[in-house]
Amino acid sequence: MIPGARLIILGRQGAGKGTQCVRLSRHFVVPHISTGDMLRAAVREATPLGLEAKKVMDAGGLVSDDIMIGIVRDRLQAPDADTRGYILDGFPRTIEQAEALDEIAHSLRKPVDVVLDLNVPREIVLERISSRRVCRDCGTNYTSTGNDPQTWICDVCGGDVLQRDDDTPESVNRRLDLYEEQTFPLIKHYGDQNRLAVVNGVGHPDAVFERLVKAVDNNRR
C-alpha cells in the first residue's frame, strides 16, 4: 500500500485545490480535512469545543483561534488521521495557527511532511471564477464561454443557471486581495523553514496531480 502522508495545501481560490485534495486523499488514503468539515463535525458530535463554536456561530461571531486550534488537535488525534495522516485545507491561515499546528504535530510525534502551495497566477483564477456559473436549484457548476446568455437552463434539473453574486470580478478581486494579505506571510514562513513545495497548478488536472504527488514524495520529512 502507498504510505500515508501529512500535508498542508495552500492556494488561491479557483486554483483547483478542491479537485486535487480529493485525488490526493484517495491516492494516499488519508482524510481531506477542511476548516468547514472540522467545525461541522465538532458541532454535530457536540464535543466541548464544538458546543463552544456553535454558541459563537449562532451569535454571528467568528470562531476564535483558540477554539479552532483545539478542534484541529481533536481531529488530528482521530484514528484515521492518527494512523494514516491527513490533508489540511484551510488551516493554518496565520503564522500563529501555523506555530500552534507545529506544537500539535510535535506532541503527537508526527510532523507535517510538506506544505504544498498550488500556484496558479491571479489572472487565471480571476478568469476561472468570473466565468463560473451555478444552478440555483441543484448546485451543478458550469463555465461560461462569454457568449452565453446571462441565465440559462440547467441540463441536470432544469433550474436557472446564473452567476453567484460573489463571483463577479470585483468580488473575486477583493477575496484575492484578502488571500494575499493573510496567506502570503504564511508562504514566506514555511519557505524560510524549507518546508514549502511550490507546485505549478496550471494545466490538465492529471498533470497537476502528478506534480503534487511527486512534490510529496520528494519532500517527505
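Reader: Is Cys135 buried or exposed, and what is its relative accessible area?

Author: Welcome, and do keep in mind that this model is predicted. Buried means under 20% relative accessible area. Cys135 falls under that cut-off, so it counts as buried, with a relative accessible area of 2%.

Reader: How many disulfides does the structure hold?

Author: A disulfide is a covalent bond between the sulfur atoms of two cysteines. Here a pair of cysteine sulfur atoms has to be within 2.5 Å to count. For Cys135, the nearest cysteine sulfur is that of Cys157, 3.5 Å away, which is too far for a bond. The number of disulfides in the structure is zero.

Reader: And Cys157, what is its relative accessible area?

Author: Buried residues are under 20% and exposed ones over 50%, with partly exposed in between. Cys157 lies in that middle range, so it is called partly exposed, at a relative accessible area of 40%.

Reader: How many residues of strand E1 are buried?

Author: On one side, Ala5, Leu7 and Ile9 are buried. On the other, Arg6, Ile8 and Leu10 are buried as well. E1 is thus mostly covered, and the count of buried residues is six of six.

Reader: Which residue of strand E4 stands opposite Ile8?

Author: E1 runs parallel to E3, with five bridges joining them, and Leu88 is the bridge partner of Ile8 in E3. E1 also pairs with strand E4 (residues 114-119) in the parallel sense, over four bridges. In E4, the residue opposite Ile8 is Val115.

Reader: Which are the edge strands of the open sheet formed by four strands?

Author: The order in this sheet is E6-E5-E8-E7, with antiparallel pairing. Strand E5 (residues 132-135) pairs with E6 over three bridges, and Arg133 has Tyr142 as its bridge partner in E6. An edge strand pairs on one side only, and the two here are strand E6 (141-143) and strand E7 (152-153).

Reader: Which helices give two or more residues to the lining of the largest cavity?

Author: The structure holds one cavity of 30 Å³ or more, and the volume of the largest is about 50 Å³. Its lining includes Arg6, Leu76, Tyr86 and Lys110. The elements that give two or more residues to that lining are helix H5 (79-83) and helix H6 (95-108).

Reader: Which helix gives the most to the lining of the largest pocket?

Author: The largest pocket has about 1200 Å³ of space. Of the 42 residues that line it, Arg12, Gln13, Gly14, Ala15 and Lys17 are the closest to its centre. Elements that supply at least two lining residues include strand E1 (5-10), helix H1 (17-28) and helix H9 (205-219). The one that gives the most, with six residues, is H8.

Note on methods
Residues numbered from 1 in each chain as written. Predicted model: local features only at pLDDT ≥ 70, side-chain atom pairs only at ≥ 80, totals over all residues. Heavy atoms only, no water. Pairing = 2+ DSSP bridges. Buried < 20%, exposed > 50% of the residue type's maximum accessible area, 1.4 Å probe, protein only. 1 Å grid on protein atoms, 1.4 Å probe; cavity = no way out; pocket = protein on both sides within 12 Å on 5 of 7 lines; lining within 4 Å. Points joined across faces, edges and corners; volume = space filled by probe spheres on them.
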